Amino acid sequence: MMITGIIGITLWTDDLERMFRFYHDTLRLPLHSRHEDFIALELGEVRFNVGRHHRIKGPARDPYRIMPHLGVDDIHGEYRRLNEAGVEFIRPPEQEHWGGWIATLKDPDGNILQLLQLP
């Protein structure tokens, strides 16, 4: 027996509808399923979930603790599109020493995400 990979990631929130609009409408992650307190989105082979949790209140208190990396083919195009849609970026696209490109942004709860374009 062994762990074989990541099959899902869940971000908990107290404002499910706002987070759904961001991840589905703005970032354009396809919807897998939607329930009253839980939404599953598709991110390749991984389920990217957003759920309402009674222990979560307000914005993320430690937004750098976990940082999902979202793969893109055209980081400059995605940066322009999302920036025009009002997404808050804290780092514009920059090329890393290993050849890939990274841009860092915030979701509506203040969680930190990165767009990642592999070399």
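Strands here, like helices, are DSSP runs counted from the N terminus (E, at least two residues, for strands; H or I, at least four, for helices). What you're looking at is a predicted model, where local features need pLDDT of at least 70 and side-chain atom pairs count only at pLDDT 80 or more, while totals for chains, interfaces and linings use all residues. Residues are numbered from 1 along each chain as its sequence is written, and side-chain values use heavy atoms, with hydrogens and water left out.

Now back to that pair. Strand 6 covers residues 89-95, and 4 bridges join it to strand 7 (residues 101-106), the two running antiparallel. Two strands are said to pair if DSSP finds at least two bridges between them. In general, strands of a sheet pair through backbone hydrogen bonds, either parallel or antiparallel. Between strand 6 and strand 7 lie 5 residues of a hairpin, and there Gly-99 has a positive phi near 105 degrees.

Follow the chain onward and strand 7 meets strand 8 (residues 112-117), again antiparallel, over 6 bridges. Ile-102, for instance, has Leu-116 in strand 8 as its bridge partner. This hairpin also has 5 residues between its strands, and Gly-110 in the turn shows a positive phi of about 90 degrees.

In the loop between helix 2 (75-84) and strand 6 you'll find Gly-86. Is Gly-86 buried or exposed? Its relative accessibility is 60%, so Gly-86 counts as exposed (over 50%; buried is under 20%, partly exposed in between, with a 1.4 Å probe and protein chains only). The C-alpha atoms of Gly-86 and Thr-26 are 9.3 Å apart, with 60 residues separating the two along the chain.

There's another open sheet, with 4 strands in the order 1-4-3-2 and mixed pairing. Its edge strands are strand 1 (8-13) and strand 2 (31-34).
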